[in-house]
Amino acid sequence: MSEKITRRSFVKGTAIAGAGAAMLGLSGCGYKDSAKALAEPKSETYDLVIIGSGGAGLTAAVEAHDKGITNLLVIEKMPVCGGNSSHSSSGMNASETAAQKAAGIEDTNELFINDTYVGGHNMGDMDLITYMCDNSNAAIEWLGNHDIVLDNLAKMGGASVKRCHRPTDGSAVGLTLVPGLLANVQSRGIDVVYNQRVTSLLTDNGKVAGAHAVDTQTLQETDYHAKAVIIATGGFGYNRDMIRKYQPSIADFPSTNTPGSQGDGIIIAQNIGADTVGMEYIQTHPTVEQTTSTLVAEAIRGAGAILVNKDAQRFFNEEGTRDAVSAAELEQPDKFSWCMYDANVHDKNKACSKYDKMGLSKKADTVAGLAQACDLDPTALQATVDAWNAIVAGDATDEFGRKPQETVQPFATAPFYAVKIAPGIHHTMGGVRVNDKTEVLKSDGTAIPGLFAAGEVTGGLHGANRLGGNAVCDIVVNGINAGNHAAAYINA
Ligand SMILES: Cc1cc2nc3c(=O)[nH]c(=O)nc-3n(C[C@H](O)[C@H](O)[C@H](O)COP(=O)(O)OP(=O)(O)OC[C@H]3O[C@@H](n4cnc5c(N)ncnc54)[C@H](O)[C@@H]3O)c2cc1C
């Protein structure tokens with residue numbers, strides 16, 4: 001299939017996507033606004049249309065509404081809202097926050113900017129990075145003011161300090177963020193239409209004037225006229241053809257993404273002259289269970305999990321950036337490893353129970369038992385665990401450079417767990433070129449009037465590699481940013 005998705009292929013794809021959503025448990029999670037799911041839109045003319053109901057789209061909707069844009073519509077192509085945002089497993093990076101101060105963590109926006117730039121191989125757009133980091137604390141506060149509390153801190157790969165903010169109980173951030181945003185959308189009476197796939201943008205005299213959508217069930221076509229449009233359609237991590245086009249070497253890897261991540265927003269923006277940036281930068285995540293594409297959250301490594309290869313050896317700094325850990329994993333025998341943790345780490349990370357329920361984790365009361373369950377040499381695994389515990393105790397230096405934070409405890413509390421993992425497609429760093437006002441830019445650097453974009457559909461911010469926790473920061477910071485600038489544009 002080419003990049004252009006035909007109506008017939010899309011309907012087929014949607015059926016698969018619907019099945020995928022059901023498999024992922026989305027249909028029963030209460031995110032679906034069932035009263036409006038298949039209803040006709042009440043009007044075809046709005047002030048603002050937002051395409052995509054993930055974290056970026058819902059945040060933008062709430063902010064624009066609170067800036068006086070009450071005649072707005074969120075258009076979603078799937079039968080449920082949330083996109084990849086629903087599945088965000090760890091948390092949201094932010095610096096200089098109240099939670100950090102309360103925990104005695106010294107962090108600055110400058111350090112966050114530097115980590116993001118270096119983590120992206122010095123290729124990120126400094127204006128976008130600076131905007132995100134400088135506004136990250138305000139975004140955490142904005143969420144708190146909207147009853148979405150992220151105050152449990154974790155350390156993620158490539159971060160100098162603990163700055164990944166999670167729900168108080170340590171659960172996956174997406175399960176708090178998306179329902180919380182949706183509750184704010186609903187309490188404001190903002191309309192969300194589902195099963196409406198936007199296929200093109202409407203223009204009038206060079207200005208964006210709305211969006212054209214196709215109902216994925218009835219194939220009815222609708223022109224949603226609007227004074228401004230925000231594209232928040234996420235990335236293209238579930239579009240094999242685009243992955244093959246931009247990074248063929250990983251095209252056959254499993255993807256952690258939800259089926260809606262097809263890159264539609266990039267294509268419809270390109271079709272009216274938008275520039276793109278960094279399309280070849282596609283991130284693999286090193287801890288993906290391969291039979292189910294389940295992501296083993298990065299916060300679990302931050303909390304103390306180790307990666308062990310087929311020879312029962314550690315082989316890399318588990319807290320390294322995703323691209324580096326993925327590359328190291330692919331050099332191991334049979335290109336996989338085991339993510340191992342003890343009961344301490346398990347009980348701090350709610351996601352671990354999910355892996356148990358899914359039957360993904362091996363469990364044993366002793367290290368030798370875990371080795372047996374994973375078909376590893378027990379003596380070699382015990383030696384690896386002993387060496388790791390000496391590093392945790394501060395009695396040895398890690399040959400791979402890992403410096404476990406003080407909250408990491410020895411791998412010693414039974415039961416012990418292991419999940420077999422390898423790299424999977426996870427994040428598309430490239431996308432539509434924007435400035436720090438979320439205006440979509442043409443290749444000559446000028447903005448397309450009336451068109452804004454936020455979230456994973458945009459490129460440039462993460463450079464060649466995204467740090468864990470930075471995507472959720474991006475969608476909240478720039479969702480607010482897009483809502484503000486679209487409102488100002490409409491009110492001008
Ligand atoms: C398993 C997993 C775990 C992750 N964990 C973390 C984490 O802990 N921390 C972190 O920072 N990042 C994490 N990420 C990355 C992060 O979740 C995403 O980058 C982010 O949620 C993207 O948000 P978004 O709003 O831009 O897009 P999405 O949340 O993907 O939403 C886009 C929405 O647009 C809809 N859409 C697409 N095309 C159209 C169209 N043509 N018409 C109408 N609607 C359309 C989609 O169906 C979707 O609902 C994770 C990603 C995955 C997959």
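Q: What makes His212, Ile268 and Asn271 contacts of Ser200 in this predicted model?
A: In this predicted model, leaving aside residues up to four places away in sequence, Ser200 touches His212, Ile268 and Asn271, and two residues are in contact if their C-beta atoms lie within 7 Å.

Q: Why is Ser200 called partly exposed?
A: Ser200, which lies in strand E7 (residues 196-204), has 15 other C-beta atoms within 10 Å; a buried residue would have 20 or more and an exposed one 12 or fewer, so Ser200 is partly exposed.

Q: How do you know that the length of helix H7 agrees with its number of residues?
A: Helix H7 (residues 174-187) has 14 residues, which at 1.5 Å a residue should span 20 Å, and because its end C-alpha atoms are 20 Å apart, the two values agree.

Q: Which elements do the buried residues of H7 pack against?
A: The buried residues of H7, among them Leu177, Leu181 and Val185, pack against helix H2 (55-66), strand E5 (164-167), strand E6 (191-193) and helix H16 (470-491).

Q: What makes up the shell around the ligand, by class?
A: The shell has twelve nonpolar, 26 polar and five charged residues, with Gly counted among the polar ones. Of the 43 residues around the ligand, Gly54, Gly83, Gly234, Gly260 and Gly455 come nearest, while the elements giving two or more residues to this shell are H2, E7, helix H9 (264-270) and H16. H16 gives the most, with four residues.

Notes. Residues are numbered from 1 along each chain as its sequence is written. This is a predicted model: local features need pLDDT of at least 70, side-chain atom pairs count only at pLDDT 80 or more; totals for chains, interfaces and linings use all residues. The expected span of a helix is 1.5 Å times one less than its number of residues. A residue is near a molecule or strand if its C-beta atom, placed from the backbone, lies within 6 Å of it.
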